[in-house]
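Open the model in your viewer and keep the selection tool at hand. The tour goes stop by stop, with a selection at each.

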Amino acid sequence: MRLGFTQSEEQFRAECADWLNAQMAGEFADIRGITTLTEKAERRKEWEQHLGAHGWSCIGWPKEWGGRGATLAEQVIFAEEYARAGVPGRVNHIGIELAGPTLLALGTEEQKRRFLPDIAAGKTIFCQGFSEPGAGSDLASVRTKARLEGNEWVVEGQKIWTSLAHISDWIFVVARSEEGSKGPKGLTFLMMEIDQPGIEIRPIKQINGDAEFNETFFDGARCPADSLIGAVGDGWRVAMTLLSFERGVSTLGQQMAFRNELDGIIAAAKANGTASDPLIRQRIARAEIGLQLMRYGAMRMLSNTDHSKVDGAALTYKIQWATWRRNLGELAMDVLGQAGEVTGSPEYEWGMLPNLFLYSRADTIYGGTNQIQRNLIAERGLGMPREPRGDA
Amino acid sequence: MDMLIAPERLELAEAVRDFLSGTHGPEVLRRLDAGPNRDPALWQGLVEMGLTGLLVPEEHGGLGMGLLDAALIARECGRVALAEPLVESAFVAVPWLVAQGDTSDLATIARGERRIAPAHRLNGAVADGEGAALDSIDPLRRLTTLPADASDDALLLDLGALMAAAQLVGLAEAMLDQAVEYSKIRTQFGQPVGGFQAIKHKLADVAVALEFARPVLWRAAQALDDGIASAAVHVSHAKVAATDAAYLAAESAIQVHGAMGYTYEVDLHFWMKRAWALGGAWGSRAFHLNRIDAAVIGGPHPIGPENTFA
Ligand SMILES: Cc1cc2nc3c(=O)[nH]c(=O)nc-3n(C[C@H](O)[C@H](O)[C@H](O)COP(=O)(O)OP(=O)(O)OC[C@H]3O[C@@H](n4cnc5c(N)ncnc54)[C@H](O)[C@@H]3O)c2cc1C
């Protein structure tokens with residue numbers, strides 16, 4: 001165990017902070033502090049490209065694919081400084097955190113050449129086509145069909161909850177390629193270009209009025225026969241590999257964003273006097289402890305390079321942060337009192353906190369619900385008997 | 001001692017429930033959300049039921065009923081996420097005016113021609129007031145800035161908190177119903193998700209929270225009506241228990257709905273947002289818990305076995 005950072009790491013931190021702050025004070029000042037995923041999407045695509053052009057997009061990737069080969073500590077530092085500087089979330093989150101690492105792990109050389117530099121350069125924005133109306137928690141029951149026709153896949157079906165599909169260039173799709181197959185067998189992991197007649201995207205409005213996610217319809221949508229990761233019929237394994245990246249380094253950046261949110265709540269509590277209320281003080285203290293726990297947990301998880309064993313910490317991370325943030329949202333509302341009801345007006349001092357509350361309602365749902373996470377912890381982590389699982 | 005509510009008092013509330021479930025379904029909420037939020041025809045329906053005059057003394061043209069009756073009906077208003085400002089005008093402002101001996105507006109309020117938006121300084125804003133509009137988390141609440149002459153009267157606060165608690169109970173009941181129904185029709189892994197114990201226990205916990213909130217609410221309404229010295233503590237207890245139940249109901253209902261519950265297209269959000277708004281109105285949980293602990297620990301609230309059920 002080595003805590004703290006070396007001198008050269010601290011130098012790297014200063015370099016990151018200088019560069020990020022300069023961008024947020026200069027050319028990209030207009031996107032600083034945005035907390036929603038959809039606001040100023042076009043400018044944020046330009047930001048992706050700007051990051052790429054300066055080599056700050058995917059610093060953990062090997063140099064040959066547009067990264068810097070940064071160490072884990074450096075990635076942590078960059079993620080921290082990114083959030084500290086008030087830079088908005090990455091609109092190509094799915095490309096950099098999920099598609100890219102999956103291609104690095106399982107893609108062919110040709111595919112890496114084809115996609116990785118463009119993802120790193122912010123030119124290829126990816127979205128995730130896993131969930132369907134009938135396949136949410138039960139992802140293995142997907143019904144979207146893919147069949148080979150000559151040298152092309154032809155896809156029919158529907159995905160749902162596809163975050164940012166409306167601003168994406170590519171979508172990866174888990175589709176049933178083996179007629180009559182059930183459950184995790186017979187699935188193939190395809191990568192498809194979105195701008196084609198066979199794909200239609202319709203926005204779904206979410207509770208805060210924003211439309212971050214979409215329905216994605218496939219009606220004779222096409223992609224080349226080799227636009228798949230892994231083998232035909234091996235899509236489930238690829239999908240699971242991809243999901244394992246959801247708990248990667250990005251979680252550390254996320255924690256820095258959480259830090260900003262908690263600080264906002266503390267500032268509100270001080271300003272409106274609730275900071276003198278013992279109940280609120282204790283909840284703030286608990287939120288602080290929770291944040292530290294997550295930080296140490298994530299650092300330990302990331303330091304562990306042996307992925308052959310089931311990692312108990314990795315299994316618990318999703319439910320931990322999701323529940324923490326859901327509670328944080330409620331704390332924000334309790335601190336604000338009736339002011340928590342007032343949203344949407346930028347002049348209103350704490351306007352971002354009710355929005356944080358609304359956003360945090362989804363944390364315990366996406367990326368595996370709390371119930372599914374508990375099942376995984378109990379079944380995979382503790383070896384307890386399995387839940388009934390339909391015909392899958 | 002009798003903790004049951006007399007059946008004849010429940011009859012009116014049941015009639016109101018029937019009326020509202022027939023005239024104020026989710027399609028009405030969607031229509032109001034798409035349009036101007038308020039509908040004179042809906043208001044007129046409430047007037048014709050006599051609800052605007054429920055607490056107005058008979059000599060001023062009302063029904064002269066009590067706070068328990070009003071709380072029972074406020075709960076029904078919560079159940080349908082009623083948008084019209086009936087509760088605050090007729091069940092909060094009216095008894096406050098009556099207590100102050102200010103009877104000048106009562107007849108017009110009873111006839112539905114006048115609505116009062118009670119403004120209390122503890123609230124940062126007023127619902128359906130005259131000031132500048134503010135955006136509420138609840139698309140059907142018309143929130144406005146607090147007027148300079150807002151009151152800081154203790155009775156007004158208690159009335160507001162009591163009626164918010166009553167609506168919160170109704171909101172929680174409605175969210176629980178919606179979650180139970182959804183859990184029966186949504187299948188995953190080849191079975192209704194309501195068949196998973198994780199989901200059953202979640203919703204059972206909401207039922208428990210509600211079961212404990214309801215008697216506290218009725219107790220508070222009766223205490224305030226009787227004007228007993230400890231009424232404010234009972235009201236605080238009701239506001240805390242009802243807010244707990246409603247927040248838990250919202251959290252559980254959205255969870256059971258999965259991503260569907262996070263959309264604007266599923267009606268659940270109307271109920272959740274009203275609950276989140278009313279949870280902070282008329283004193284947050286922190287405010288009311290402080291009132292309870294101040295009364296119980298070294299305060300005037302009598303404790304000890306002989307007082308447990310007082
Ligand atoms: C904001 C947001 C963004 C999203 N973005 C994407 C995206 O970009 N791409 C994508 O593919 N998907 C996306 N999703 C979808 C997400 O992955 C699903 O919502 C999630 O997997 C849950 O599925 P569901 O919503 O269908 O809920 P359901 O599976 O229908 O679950 C309903 C309820 O039943 C419970 N339940 C289900 N099975 C069990 C069980 N075995 N035991 C106990 N309880 C159970 C669940 O926990 C939940 O409470 C997004 C969702 C949200 C909310």
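This is a predicted model: local features need pLDDT of at least 70, side-chain atom pairs count only at pLDDT 80 or more; totals for chains, interfaces and linings use all residues.

**Stop 1: helices 9 and 10 of chain B**

Select residues 231–257 of chain B, which form helix 9. The axes of helix 9 and helix 10 of chain B come within 10 Å and cross at roughly 150 degrees. Helix 9 and helix 10 of chain B are therefore roughly antiparallel to each other. The crossing of this pair, helix 9 with helix 10 of chain B, is left-handed.

Now show side chains. From helix 9 of chain B, the contact takes B:Lys239, B:Thr243, B:Ala246, B:Tyr247, B:Ala250, B:Ala253, B:Ile254 and B:His257. Helix 10 of chain B meets them with residues including B:Trp276, B:Leu278 and B:Gly280. Colour this contact of helix 9 with helix 10 by class: 10 residues are nonpolar, 4 polar and 1 charged.

**Stop 2: helices 7 and 10 of chain B**

Helix 7 of chain B passes helix 10 of chain B with a left-handed crossing.

Helix 7 of chain B brings B:Ala164, B:Gln167, B:Leu168, B:Leu171, B:Ala174, B:Met175 and B:Gln178 to the contact. Among their partners in helix 10 of chain B are B:Trp271 and B:Arg274. The contact of helix 7 with helix 10 of chain B has 10 nonpolar, 3 polar and 1 charged residues.

**Stop 3: helices 4 and 8 of chain B**

Select residues 67–79 and 197–226 of chain B, helix 4 and helix 8. Their axes come within 8 Å and cross at roughly 145 degrees. The crossing of helix 4 and helix 8 of chain B is right-handed.

**Stop 4: the interface**

Show both chains. The contact takes 42 residues from chain B and 43 from chain A. About 3,700 Å² is buried between chain B and chain A, with 59% given by carbon and sulfur atoms. On the chain B side, select B:Phe189, B:Gln255 and B:Tyr262: they lose the most area to chain A, together 24% of what that side buries.

How many salt bridges lie across the interface of chain B and chain A? There are 4. Zoom to A:Arg326 and B:Glu251, whose side chains meet in a salt bridge at 3.1 Å, N to O.

**Stop 5: helix 5 of chain A**

Finish at residues 109–120 of chain A, helix 5. The side chains of A:Arg113 and A:Glu110 form a salt bridge (3.8 Å, N to O). A:Arg113 and A:Glu110 are 3 residues apart in helix 5 of chain A, so about one helical turn separates them. Over all chains the count comes to 45 salt bridges.

Conventions
Residues are numbered from 1 along each chain as its sequence is written. Chains are lettered from A and ligands numbered from 1 in the order in which they are written. Side-chain values use heavy atoms; hydrogens and water are left out. A crossing is left-handed if the near helix is turned anticlockwise from the far one by less than a right angle, and right-handed if clockwise. Helices (H or I, at least four residues) and strands (E, at least two) are DSSP runs, numbered from the N terminus. Contact means heavy atoms within 4.5 Å. Ala, Val, Leu, Ile, Met, Phe, Trp, Tyr, Cys and Pro count as nonpolar, Asp, Glu, Lys and Arg as charged, and the others, Gly among them, as polar. Axes are lines fitted to C-alpha atoms, for helices over the stretch in contact, and angles run from 0 to 180 degrees between N-to-C directions. Angles under 35 degrees count as roughly parallel, over 145 as roughly antiparallel, 65 to 115 as roughly perpendicular and the rest as oblique. Buried area is the accessible area (1.4 Å probe) that two parts lose on being put together, summed over both.
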